[in-house]
Amino acid sequence: MSTTTTDANNTTDAPAPAPAPAPDASSTAVDKIRQEKKILRKEIRRKVKEVSDDDVKEQSNEVWERVKKTEPYKSSKTIGMFLSMPKNEIYTYGWIEEALKEEKILFVPHVGSNFEEPDMEMFECPRRGKFYEEWPKNKWKIPEPPSEDREKLAKAGDLDLILVPGLAFDRQGHRCGQGKGYYDRFLAKMFEGDTTKKPTLMAVCLEAQLLGDGDTIPTHEHDFTMEFIVTPKEIIECKRGTKRKSSDD
């Protein structure tokens, strides 16, 4: 009868599993900001939906009257404008007609149909009446310039002033967009290179889109800061807008 003995000192144990890598601090911070913005967007969208269409148009008219009184608008020749969504956004169609009568040269966005890789350009719009009524509409029911009206593309140094939409703003000039990053990518292109001509960034918003005193929008270090925020009740002059780019809107 044979016996088998095991020497405990010679037992070979299975290797211990490698410890999980510690989460990267920067990616954790980015995820936290994205989550905070997601919550903020939900709250602001709820507030904006409570504003009636008539009130939106009334507030939009009040904002426009204030915009026209600002020095950046009065001195500008070329302006980046935007065409409004049908609902729940400041209404700009009347602004465009007035600005054209004042012989401003306007550029408006084109985002195309590839919503998986969001990108935006601005093209000079025709200087004829309600040109946008002839244009096709994108996913958000916003008119966009067709190919025949896409002759002049805005490049860095072309625009004096950009009127910037957004879902929410704080009084320090921070912006929270709809979440696709269209404007931050576009603004980055407008500040590229060494051109000495940088556009003034002027946010326009409804009362429900401006956060209260002391409330701030979480931001990444590359986010753009608005130089002015124009609401129906006031013009807020913020710190000089940053000339930085962002991949998150």
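User: Before we start, when does a charge count as sitting over a ring?
Analyst: A charge sits over a ring if NZ of Lys or CZ of Arg is within 6 Å of the ring centre and within 35 degrees of the ring normal. Here is a case from this predicted model: the charged end of lysine 57 sits over the ring of tyrosine 91, 5.0 Å from the ring centre.

User: Nice! And what does lysine 104 do?
Analyst: The charged end of lysine 104 is placed over the ring of tyrosine 73, at 4.6 Å from the centre of that ring.

User: OK, let's zoom out. How many helices and strands are there?
Analyst: The protein has 5 helices and 9 strands. Starting at the N terminus, the elements go α-α-α-β-α-β-β-β-β-β-α-β-β-β.

User: How are strands arranged in the open sheet?
Analyst: The open sheet has 7 strands in the order S3-S2-S1-S4-S7-S8-S9, and the pairing is mixed. Strand S3 (121-124) and strand S9 (235-237) are at the edges with a single partner strand each, so one side of each has no neighbour in the sheet. From one strand to the next, the twist averages 25 degrees.

User: Which helix packs on that sheet?
Analyst: Helix H5, residues 182-190, packs on the sheet. Helix H5 touches S2, S3, strand S4 (161-164) and strand S7 (200-204), and its direction makes about 170 degrees with that of S4.

User: Is it buried or exposed?
Analyst: Histidine 110 has a relative accessible area of 16%. The cut-off for buried is under 20%, so histidine 110 counts as buried.

User: What does histidine 110 touch?
Analyst: Leaving out residues up to four places away in sequence, histidine 110 touches Asp119, Met120, Glu121, Phe123, Glu144, Pro145 and Arg150.

User: Switching topic: how many aromatic pairs are there?
Analyst: There are 8 aromatic pairs in the structure. In one of them, the ring centres of tyrosine 93 and tyrosine 132 are 4.8 Å apart and the planes are at 55 degrees, so this pair is tilted. This pair links distant parts of the chain: tyrosine 93 is in helix H4 (residues 93-101) and tyrosine 132 is in the loop between S3 and S4, 39 residues apart.

User: Are those two tyrosines buried or exposed?
Analyst: Tyrosine 93 is buried, at 10% relative accessible area, and tyrosine 132 is buried too, at 8%.

User: And how do phenylalanine 131 and tryptophan 135 pair?
Analyst: Their ring centres lie 4.8 Å apart with the planes at 55 degrees, so the pair is tilted. Phenylalanine 131 is buried at 1% relative accessibility, and tryptophan 135 is buried at 6%.

User: Which residues do ring pairs link into a cluster?
Analyst: The cluster is made of Tyr91, Tyr93, Phe131, Tyr132 and Trp135.

User: Last topic, the core. How many residues are in the largest nonpolar core?
Analyst: The largest nonpolar core has 63 residues. Those with the most contacts inside this core are Val67, Met81, Leu163, Val204, Met226 and Ile229.

User: What is isoleucine 229 in contact with?
Analyst: Setting aside neighbours within four places in sequence, the contacts of isoleucine 229 include Phe169, Ala203, Leu210 and Ile236.

User: And what share of the whole protein is buried?
Analyst: Of its 249 residues, 47% count as buried.

Note on methods:
Residues are numbered from 1 along each chain as its sequence is written. This is a predicted model: local features need pLDDT of at least 70, side-chain atom pairs count only at pLDDT 80 or more; totals for chains, interfaces and linings use all residues. Side-chain values use heavy atoms; hydrogens and water are left out. A nonpolar core is a set of buried Ala, Val, Leu, Ile, Met, Phe, Trp, Tyr and Cys residues joined through side-chain atoms within 4.5 Å. Buried means under 20% relative accessible area, exposed over 50%, partly exposed in between (1.4 Å probe, protein chains only). Contact means heavy atoms within 4.5 Å. Two strands pair if DSSP finds at least two bridges between them. Helices (H or I, at least four residues) and strands (E, at least two) are DSSP runs, numbered from the N terminus. Axes are lines fitted to C-alpha atoms, for helices over the stretch in contact, and angles run from 0 to 180 degrees between N-to-C directions. Rings of Phe, Tyr and Trp (its six-membered ring) pair if their centres lie within 6.5 Å; planes under 30 degrees apart count as stacked, over 60 as edge-to-face and the rest as tilted.
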